[in-house]
Structure formats: C-alpha cells, structure tokens
Amino acid sequence: MANGKHLYLIDGSSFIFRAYHAIRPLTRPDGTPVNAVSGFCNMLFKLLRDLDDSERPSHLAVIFDAARKTFRNDIYPEYKAHRPPAPDDLIPQFSIIRDAVVAFNLPSIDSDGYEADDIIATYTKQAEAQGNRVTIVSSDKDLMQLVTDNVRMFDTMKNRYIGIEEVKEKFGLGPEKVIEIQALAGDSADNIPGVPGIGVKTAALLLEEYGNLDTLLERAGEIKQNKRRENLIEFADLARISLELVTLDQSVPGLPSFEEFTLSDIDPEKVLPFLKEQNFRSLQTRVLSHMGPDVAAEFAPLENAVPKDVKYETVSTVDALNIWIKKAEQARQVTIDTETTSVKAMAAKLVGISLSIDSGEACYIPLQHVSHSDEPVDLLSEP
C-alpha cells in the first residue's frame, strides 16, 4: 500500500438489528428499553478489544442509515415497502446507540437519502483510490460487490474474513459480477423484483455464458429453456431496474473526509459515565479491566458495580463443574461470557467460560489455561 493506512467501516445498522434480536428485553431503572443498546455496546467493545497489532486500523467509523426512504424509492416505489416499521421498543434506542458510538470515542456517520451501504461504498472507493486497505465489518451480501484485493469484509458472527474467494463461493462468480447476479435473482428481503424463476446459481451460469447482463438480455431469445427465455424477455426491464437498486452509490455527497476518522483509544471519562447511566455493570467492569490497572485505580470502585455479598468461584474440578451445571439447569436465567485468545480470522481459541445465575453468584470455568507444567488444563477432557 502507498501509505499504509487501514480503514475500518462498521455497518452500524446491521449491528443494531442483530443486537436487538439477540438480547432479551432489557430496561434501565427508569424504564427505557436498552437491549439493543446493550448488545451493540458489547459487540463494539469486543471488536475494539480484540484488534491485535497486525489488524489494528489507523482509521475507523461507524456508519448508519439515516431514514427508511432513499433515492431507490424514487426509482422503484416498492423497494423495501413490505418491511414493517421498527418495533416500538427499538425506536427510542436508536439515539442512545448514536450516543454509545460517541462514548466509545468513535465517529458516527449517516446521510439523508442514502443507505449505510452507499456511504460505506463511497468511503471504500475513496480510501482504496488513495492506496489504502479497507475492512468492512459486516456480512451483508450487498456489500460483497465492493470486495477487491485491497478491500475485504469481516463477519463478526463467524469470526471470518470475506475476500474474493469467499464471494465466489457464495455467488459462483467474483465481486465484479455480484450486482448483475442480484439483478437477475432479485431479493425478497428488499423487495427487489429480479427475473422470476432465476436464482443465484442460474444467474451465475447465464452471466458466465453471455458475459454481462446487457448481452444476456439482448440475446435472451437464444435461450433453449422455454420458461427461462420467456421470463428474461418479459421481465428485462425489471432486471434493469433491479440492477439500479442493487448498485451501491460510490459518490455520496457532503461526507466528512475519512482522514478525520483516526482511531483513538477509548476514553474512560466518556465511556464509563455512559455505561453507568445505562446500568451496564458487567460491561463497565470489562472496559475498566481492558484499560489497565492505572485507569481502574482512578475510576474504580464503580458505585454499585459489584454487589456487597458475592459468591464467586473458580471451577477446578469436574465435581464442581457438575454442581454449576445443575444450578444453571434450575435457574430462571443464565448469563454466559467467554474468554478467548487474540482474535485473527478463524484462529481464536476458547480459554474459559464465565457463568452467572444471579446477581453476585458466578463462577469461572478455565478450559485451556496453562498449568505450572506448561500443559493446557482442559476440564472438558477429564473423565
């Protein structure tokens, strides 16, 4: 790379909905729902915490959708028209999540009339054109059209990077053909019509044979399969409209320069008061621990961060493990956290599991810690 910069672009909108559906209903003491906020903050902190030196970006921003209506609705009014409005308990969390990004000392970017994907596409092409690397934190297939030798995606759910080969595995052809495949296959989730009867595999085969969408539609009369030929002729205009809908805008106007997104350390004076206001005690503790003993000494103990009467245990025998398994089976709810080694794509190893069944009652289960003999201790392998 010409200047060695590495830009991370987080698809914040996808983080929100993943968090909302993954976390059970949760409210602050004042009754404000915060389950999506909690999941979002935990995902964001884990991503920042697990970046090792070789993958740590020089610049990072979180990108959001500004509103449901975009320029695509002008092209095709039915675009995403069937999607229901956001759930009532999610709506008040949107602004809190924006505050969360600021609390973690990160820029939050959106633009009226454009989707988060368009903003990501714009920054990606600008950064790549200047000789920089880009990592898009998302698994959204619509963003796979942006993948190149210098642009990859990172799927945090599966802890894997998505490059050119992974795009080929999914679509049958490389990133440069993704939009044409999507134009033919359509997308029911976004109400993109496509051509009836043509799926991703068929679209890839047709494009491989005819080269591109325009040539395919011009020569559709040559296709031997009757129904396929008829649909390509009848729905050619819908295929062209679909191509407009799936093509990301790479020139969103009025955006700040990505050069302003220099990654800074988490600021305890910003993030800790925010986490305390949301009543995220467990995350408060993890953030403090990540910042090191000097910061912990300055800001801890956090008020009400740890219950006065606690029962904490390190599980070191199978008998003790079985006791906690029974407790978990009988509990109304169980909270689980994991400790892993430094994250590189598909390389993280499970080190231990934390298990809590009630406030102040928890245990830690070491799985791959090293003993004095330098042999890994793995409770799960004991008879």
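Predicted model: local features only at pLDDT ≥ 70, side-chain atom pairs only at ≥ 80, totals over all residues.
## Basis

Local features need pLDDT of at least 70 and side-chain atom pairs count only at pLDDT 80 or more, while totals for chains, interfaces and linings use all residues. Residues are numbered from 1 along each chain as its sequence is written, and side-chain values use heavy atoms, with hydrogens and water left out.

## Overall build

The protein chain has 383 residues, and 45% of them count as buried. Buried means under 20% relative accessible area, exposed over 50%, and partly exposed in between (1.4 Å probe, protein chains only). The secondary structure comes to 15 helices and 12 strands. These are DSSP runs numbered from the N terminus: helices are H or I with at least four residues, strands are E with at least two.

The C-alpha trace spans about 75 × 50 × 45 Å along its principal axes. Take contacts between residues at least 6 apart in sequence: 65% join residues at least 24 apart. Contact means heavy atoms within 4.5 Å.

## Nonpolar cores

In soluble globular proteins, nonpolar side chains tend to be buried together. A nonpolar core here is a set of buried Ala, Val, Leu, Ile, Met, Phe, Trp, Tyr and Cys residues joined through side-chain atoms within 4.5 Å. The largest has 49 residues. Those with the most contacts inside it are L7, I63, I109, Y123, I136, L184 and L232. Helix α5 (residues 116-129) gives the most to this core, six residues.

Beyond four places in sequence, L7 touches H59, L60, Y123, A127, R133, V134, T135, F258 and F261. A second, separate core holds 43 residues, including I16, A19, Y20 and F154.

## A four-stranded sheet

Two strands pair if DSSP finds at least two bridges between them.

β7 pairs with β10 (residues 361-366) in the parallel sense, over four bridges. T314 stands opposite Y364 in β10.

## Selected residues

L44 sits in helix α2 (residues 35-50). It counts as buried because its relative accessibility is 0%. Leaving aside neighbours within four places in sequence, L44 is in contact with I10, F15, F104 and L106. L44 and P273 are 229 residues apart along the chain, and their C-alpha atoms are separated by 17 Å.

Two asparagines carry positive phi values. N105 has phi near 70 degrees and is found in the loop between α4 (93-103) and β3 (108-109). Its relative accessible area is 23%, so N105 is partly exposed. N279 has a phi of about 70 degrees and lies in the loop between α12 (268-278) and α13 (281-291). At 34% relative accessibility, N279 also counts as partly exposed.

## Second largest pocket

About 1100 Å³ of space lies in the second largest pocket. Of its 39 lining residues, the closest to its centre are S13, F17, D65, K80 and R83. The elements giving two or more residues to the lining are α1 (12-22), α3 (71-75), α4, α5 and α11 (236-246). The largest share, five residues, comes from α1.

On a 1 Å grid over the protein atoms alone, a pocket is an open set of points with protein on both sides within 12 Å along at least five of seven lines; lining residues have an atom within 4 Å of a point. Points are joined across faces, edges and corners, and the volume is the space filled by probe spheres set on them; the probe is 1.4 Å.
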